[in-house]
Structures are given as C-alpha cells and as structure tokens.
Amino acid sequence: MGSGAKLDRAVVNTLKDGDRLVSVEQYDSSRWASVAKVDIETSECLPSAYFLKVLKTEDAAERVLGEYMAMLEIYNTLPDFAPQPRAYGKCADEDAYFFLCDYLTIKHDLPDPVRLGKRLAELHKKSKSPNGKFGFQVTTFDGKLPLNTTWESSWTLFFKKLMHDVYMLDMSVNGFWKDLDDVMQVTLEKLIPRLLDPLTADGRTIKPCLIHGDLWESNIGTDTKTGQLYIFDACSYYAHHEKEVAIWRCEHHEMKAKKYRDEYFKNYKPSEPVEEFDDRNRLYSVETLIINSAHFPGAETRQLAVDELKYLIEKYI
C-alpha cells in the first residue's frame, strides 16, 4: 500500500458522508501491523487525515477491539490527551482487521516531565471505573501479548492474576527457569499480598484509575504544531495509579530518569503506607520486565526481574 493505493471498502464505509479520499500512504510497519496515513478532504473542503492500522494475525479481531476500547476510554476521559478513535472492524477486501483514529503530526522526543506528570495525573484523577472494580471490559494487548483484565474488586487479587498470566506467557516463550519460578512462587503467594494488602488496611481505600498500560517513550508524542502532549497505542485497564509509572524505572526504556516519577507524584501523591511506595513501584515494574522478556526471548530483562524480586523477598518475606 503506497501513495495513491486503494483503501479497503470497510474503512471507506467508516468515513463521514461527504468526505473525499485523497491518498493512502503506508509509512511504517512492524512485525504485527502495517500502518498508513489516510488523507481526506472533508465535506467543507478542509484537509484532514486518519491513522490506519491493519492487522493480519490470528488474534487481530481481539487486538483491534482492545486498542479501540482502550483509546476510546482515554479519549472520553481526557479528550485533548489522545487522538480520537474513529472505527475498528473486519476488512472487506482481505483477511485482516483495522483500527482507525485521527492522525497527528508528532515528534517522539522525550516528553517534558513536568507537563507529562500533570496531564497523566489529570487522566488518572478524572477517570472512573464503570463498576468500581479493577480491570477492563475487554482484553487489551501489551504489544502482541494479551493481558488478564478480568474485573476484580481486590487490587491485590487483580495484580496477582496479571502477574501470574504474564509469567505464564514468558515461560511459554522462554521455557521453565528454576531461578525465576522459585521467586515467582514466593511473589504470588506471599510478596504481593505483603506489599499490596496494606493499601486497603485500617480503613484505607484505593481508587481504580484508568491507566494507559504501556506508557514508554514511543507511545508518547508532542504535536509539532501545538506542542500538546498525546498518548496512544494503549493497553488500558483500571488499576492502582502507582502502577502506571513503574515502567519508568525499567532500564530498557529511555524514560528511566527519576524526575519523571517525581513529577507525577507531585500531582498524584503515593498511597499509604508511603514508606513502602518505592518498593511497590519496584514490584509493579517486574510485570513490565517479564512481558518484555516474553516479547524478546533471551533479553536480560528476565534476569533483572529475578534480581528485583529477590531484593524484595529478602526485605519483606
């Protein structure tokens, strides 16, 4: 699909009445998707554009649904923080599925930590779980891998199931490793309850907040015209707000500078007990390390996950 290529009939049918297709230009692709810019002229003769992603994998239907619903939830909560999702569905001219949203002209420089901290905290504070629980209404996908987003009233139970299933994904790719299995069993049975149960002890409560779910630097952009920050390619679910920024302590991402977490927590304070929040953050980051290992067999993130869990187990168990 290059410049001037035909647009799938199913996608054409999602355009507004009066919109005229100008061009379709593929500009990037990955192992899992092809993406394109769709230029149109509106019924008011104004130029506009959409971002189109097409998937051909066996689980493509579930993945485009997950991305659409996640991005719609973010857009409905904070419209000027995400491109508006427009449509998703089955292609008519090929065995594939598509996701369509507004196209943004953005740069991928590292975002300003002060502005990002304020905007992300605003999203979390404004969001409201539809049933007061942790989870999401559909399965969302971190990259190519599904997350267990089944609704749970208990954050401890939700995170335990999330971590367990991510570990199973990693083991299916990288095989059984006793060092990881040993610490993971202790983590699931003892460490997670030890660090997360106190969040709701002594009458305390935590709010299920809508998180992006995979907020590394490539999923954040700055509009080149307005300077506005946008987030995209989400695998959202309702979670403890501290979970969102744990990814920023992982060494394999560029946004590991402590200033990013510090700026966020200036706008949305850590939960009680505050003295344990950095270790909760460390625990949450292990989920990111393990799912990275599942995506990239042989990656050092698997060993890093073991090291982080050993540190926490020695300290708390």
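Trainee: What should I keep in mind about the numbering and the model?
Mentor: Residues are numbered from 1 along each chain as its sequence is written, and side-chain values use heavy atoms, with hydrogens and water left out. Because this is a predicted model, local features need pLDDT of at least 70 and side-chain atom pairs count only at pLDDT 80 or more, whereas totals for chains, interfaces and linings use all residues.

Trainee: How do helix 4 and helix 5 run relative to each other?
Mentor: Two packed helices are described by the angle between their axes and the distance between the axes. Here the axes of helix 4 (residues 155-174) and helix 5 (residues 178-196) come within 9 Å and cross at roughly 165°, the angle running from 0 to 180 degrees between N-to-C directions. The two helices are therefore roughly antiparallel, a label for angles over 145 degrees.

Trainee: Which residues have the most contacts inside the largest nonpolar core?
Mentor: A nonpolar core is a set of buried Ala, Val, Leu, Ile, Met, Phe, Trp, Tyr and Cys residues joined through side-chain atoms within 4.5 Å, where buried means under 20% relative accessible area with a 1.4 Å probe, protein chains only. The largest has 80 residues, and those with the most contacts inside it are Trp 155, Phe 159, Met 163, Leu 196, Trp 248 and Leu 283. Apart from it lies another core of 16 residues, among them Val 24 and Leu 52.

Trainee: In what order do the strands of the open sheet lie?
Mentor: Strands are DSSP runs of E, at least two residues long, and two of them pair if DSSP finds at least two bridges between them. Three strands form the open sheet in the order 6-10-11, with antiparallel pairing. Its edge strands are strand 6 (106-107) and strand 11 (229-231), and Thr 222 stands opposite Leu 229 in strand 11.

Terms used: Helix = DSSP H or I, 4+ residues; strand = E, 2+ residues; numbered from the N terminus. Buried < 20%, exposed > 50% of the residue type's maximum accessible area, 1.4 Å probe, protein only. Parallel < 35°, antiparallel > 145°, perpendicular 65-115°, else oblique.
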